[in-house]
Amino acid sequence: MGIPSQWFFSQRRSRWLYAVWMCLFLQPLVAVAGSPDDDQHYQSSLKLVERLLTKSSVAMAVAQSGDSENDPNYYLQQAKKAHAAGDKKKAMEMLEKAKKAMFKAGKKAGAGKSKQEKLDRDYQKKIESAEAMLDALKRIHKEKPRGEEGEQLEQQVSEKILQAKNAKASGSLTQAKQVADQAFLLARQSVVNLRDGDTLVRSLNFANKEEEYRYELDRNDTHKMLVTLLAKDKMKIPDVKKRVEQRMAKAEGFRQQAETEASARHFDKAVELLEQSTKFIIQAIRAAGIYIPG
Amino acid sequence: MQQQHHLLLALTVALLWGLQSISVQAADDKNPNRFYRLTKPKSERNPPLAKDGIHDPAAEGISILQAPKTAFSKLSVGKSGNYVDWMKSMDKGQIKPRYSYEEGKQPMPMQLDIIRQVKGSTPDVLFPHKAHTMWLDCNNCHPAVFKPKKGANSMSMAQIILGKGCGICHGKVAFPVSECRRCHSQSKSMKTNAKPDSKKK
């Protein structure tokens, strides 16, 4: 081998390479062993748990309930002791237990007014959904008649809805919710069975030109919002901003003409002008480098 | 001894090459001629919670929460939003979201597509019930958000962008509305046998 090879493979070179690699391998081990970040993590967790146990709404509910079972404070004290003794792993485990104990106590304490309110809200939502599903079922049965079977199904769902409402009126909220759930599930299952595999087309038919004008106004507003949504960042570039603003100015001109025509009830003309306006807005968005269909 | 030298040399070269790749990526982000420079570079996607403009960086709990990049690293890649394809992730079993807090409840997917025609050359909207019912129950949307009745729901993109209708979820917990073709996917040239305002099986 020549002189460069000898130098390259000399022991001195090897020692240097060994040193570099040892540093690379040891660095993560030092990080795992314990760093300022671990302590910071513990301190921020500790602050959170202390706040949870003393100042949060859950803490107030637990204090009011007077329930001391599975006291979260015990775990908090254990966490502090473990941290003081240098056992960080145990300290974090105890903090975790304190949090869980607090949530458990909170659930137990909150099984009063707030639970009732939630049950009521859930019931309302479910009964409205059951009624909507029943309406949908009736409409589908008109399209796809099922004769007596369909009628019986509708009857069953109606009865369950009525039963749920009666239970609510008599104060049995839990039972009302359960029956509302049953009504909903029955109606839902039927709708799914009937509609599975269908494709429904909602076509665009306007009753008159005024309706079409309202649609075009919405479409125009939408595209203006899309300029902000899609091209906001690109507008920081002066050339892009200039191109976009030129086209937006034209769009605005057409829009104003359309509104003037609409106020004179010339909706045919107004629709045409709005279409022009929207075209320029689309051009503006594309001028910013964003392709949108249309 | 020489073999050890060879090994050390090879490892050092590999390390230096790796470091160089990272610095090339960082430089690439700033390159004005970078491919598709108008999109957000990868390095800016899913920033740390303290820098995402949503979480309070001074909040004590912020260090406890998992970083999005770490959480999303094993999921299927998407093209917008948080760059995760959540449907694909669920289909592949990478995530198993709990359907209900009640034990034993399973989703009831329904294969029902709704096509909403739109004006102009913008493709029509195809709303797939199946993809939605994998995550949601009927009563999440019906009737509070959408009445389950043809013609009863007037919709506009303006409303959606302002957070109504579809915008209740899309742009917040589902893909953003900046990806037009995710919804406007039914090309006008794709004729269906269905008559307008009708259904087809």
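Predicted model: local features only at pLDDT ≥ 70, side-chain atom pairs only at ≥ 80, totals over all residues.
Let me start with chain B as a whole. Its secondary structure comes to seven helices and three strands. If you follow the chain from the N terminus, the elements run α-α-α-β-β-α-α-α-α-β. Chain B has 201 residues, and 26% of them count as buried. As for contacts with a separation of 6 or more in chain B, 39% are accounted for by residues 24 or more positions apart.

Now let's zoom in on one residue, C180(B). You'll find C180(B) in helix α7 of chain B, which covers residues 180-183. Is C180(B) buried or exposed? Its relative accessibility is 15%, and the cut-off for buried is under 20%, so C180(B) counts as buried. And what is C180(B) in contact with, once we leave aside its neighbours within four places in sequence? The answer takes us over to chain A: the partners are I292(A) and P293(A).

Helix α11 spans residues 238-263 and helix α12 spans residues 267-287, both in chain A. They pack at an angle of about 170°, and their axes are 8 Å apart. Angles over 145 degrees count as roughly antiparallel, so that is how α11(A) sits relative to α12(A). What kinds of residues make up this contact? There are 15 nonpolar ones, along with four polar and six charged.

Last stop, the second largest pocket, where both chains come in again. Its volume is about 500 Å³, and 21 residues line it. Nearest its centre lie K126(A) from one chain and S100(B), K105(B), D137(B) and N139(B) from the other. Which elements each supply at least two residues of the lining? Those are α7 (113-143) and α9 (173-195) of chain A, together with α5 (138-141) of chain B. The element that gives the most is α9(A), with five residues. By residue type, the lining holds ten charged residues, seven nonpolar and four polar.

Note on methods. Residues numbered from 1 in each chain as written. Chains lettered and ligands numbered in written order. Heavy atoms only, no water. 1 Å grid on protein atoms, 1.4 Å probe; cavity = no way out; pocket = protein on both sides within 12 Å on 5 of 7 lines; lining within 4 Å. Points joined across faces, edges and corners; volume = space filled by probe spheres on them. Helix = DSSP H or I, 4+ residues; strand = E, 2+ residues; numbered from the N terminus. Nonpolar A, V, L, I, M, F, W, Y, C, P; charged D, E, K, R; others polar. Axes fitted to C-alpha atoms, helices over the stretch in contact; angles between N-to-C directions. Parallel < 35°, antiparallel > 145°, perpendicular 65-115°, else oblique. Buried < 20%, exposed > 50% of the residue type's maximum accessible area, 1.4 Å probe, protein only. Contact = heavy atoms within 4.5 Å.
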